[in-house]
Amino acid sequence: MIIKYETLIYALSQQFKKEIVYADYQTTQLQGGTVGNVYLITGIAETADGEKSPYSTVLKIQKKWERYGDLGSWRREYDLYESDLEATFSDSFRWPLCYHAKMNAEENEFQLWLEYIDGVTGLDLTGDMYEQAALELGRYQGKLYAEQPAALQSLNNLSHADLMKNTYLHYRSWPVVYNYIRSEDCELPQHLRQMLIDIDKYADEILSRIERLPLVLCHRDFWVTNLIYADGKIALIDWDTSGWGYLGEDLASLIADEADINHMVEYYQRCVPAYYKGFSEYVDVSHIADHCVYEMILLIFGYRLVEWYLYAEDEDEKTNLVTTLQKINEMKAISVQV
C-alpha cells in the first residue's frame, strides 16, 4: 500500500494539532473488498521542534458502487463527515474523529483519515456492552428526535425511510427464497418455514404498525463488528447505510445480524428495554404498545438467512443459520416491557 506522503503529513498534523514535518509509516489491512479498503497506519511522527511521538490512524478508501435501492450510499460516509453531524454526538456515543477527508471526483473515490479506537468489538462484546450500546443508541436517537438540530436537518444524502420495507419486498419477490420455504424440498424445520410465511401473510399490517413508530436517524448497519467498546463508551463505525428509519430498526440489527447465537434471546430481553429507556429520557413513549422489534428482525433478516442457508457449503454454517432462525422464533413468545 503506497500512501501519498503529503497527505499523511497533513492528516497527522490535524491529528496531533501540531505541525508534523516527518513521519514514517507501516500499513496493515484491516478489511477490504472490491470497492473499499481499510488500513491501520502506524509509525513515528516528528514535529518541527524535534518532538517524536508514536501514532496510529485509520485510512479508509472507498470507491463508487451501487447498493440496491440506495444509490448514494457509496459516498455517504464522506458527506456525513463533511457535515456538522459530529456536533450531535456525546462523549459516550460517537463515531471516530476524522482528521482528513478527501474526494477524488474523477476516480469516484474518497479517502477518510480516521481516529483509531482500540477496544472490544464483534463477538467479544459482553451482554453488559450490548445493553449499554442499546441504551446509548436510544439516548442518541431520542435527543435528535426531540431537538431536531440544524445539523440533522441539513443532511442531504441519507437513505430513505422505506429502505427496510423495499429491501424486504425485493427479497420476497425473489423466487429462489420465496419458493424454497414453500417447497417440498425445503430442509428447514416446518415451524421456522411457517414463521416466515406468516410474516409474508401479515406483512401489510405489520409494516403499517411499524410506520406509526417515530422516524429517527438510523445507522442501518448497527451490528457487533461496527461497534467498539472502549473506556466505558461506545464508538460506531461505517455510516454508509445511515438514514431515516423507524424506532427499533437499528436494535434489530444489534440483536440478529451475525450476533452471538447462544445469547440472542437474552440480549433481546435486555436490549429492548434499555433502548427504550434511553429514548424515553427525551421523548414520551408511553403510548407505544408494540415495539415491533421481533417483526423488524424477521423483515430484515428472515429471507437473508434463508439465502445464506441455501448457499452455505459448510454444514456447521447451515446449522448455525437454522439455530439463528430458531432463536428468532423463540423471541415471539417473549413479552418484553418497554
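Rings of Phe, Tyr and Trp (its six-membered ring) count as a pair if their centres lie within 6.5 Å; planes under 30 degrees apart are called stacked, over 60 edge-to-face, and the rest tilted. With that in hand, this structure holds 12 aromatic pairs. It is a predicted model, in which local features need pLDDT of at least 70, side-chain atom pairs count only at pLDDT 80 or more, and totals for chains, interfaces and linings use all residues. Residues are numbered from 1 along each chain as its sequence is written, and side-chain values use heavy atoms, with hydrogens and water left out.

Let's start with Y171 and W174, a tilted pair with 6.3 Å from centre to centre and 55° between the planes. Y171 is buried at 16% relative accessibility, while W174 is partly exposed at 28%; buried means under 20% relative accessible area, exposed over 50%, and partly exposed in between (1.4 Å probe, protein chains only). The planes of Y275 and Y276 meet at 80°, with ring centres 5.7 Å apart, so this pair is edge-to-face. Both Y275 and Y276 are buried. Elsewhere, Y81, F89, F93, W95, Y140 and W239 form one aromatic cluster.

Rings can also have a charge over them, meaning that NZ of Lys or CZ of Arg is within 6 Å of the ring centre and within 35 degrees of the ring normal. The charged end of R182 sits over the ring of Y178, 3.6 Å from its centre. Likewise, K318 lies over the face of Y309, at 4.1 Å from the ring centre.

What about the cysteines? Taking a disulfide as a pair of cysteine sulfur atoms within 2.5 Å, the count is zero. For C218, the nearest cysteine sulfur is that of C292, 14 Å away. C218 is buried, with a relative accessible area of 1%.
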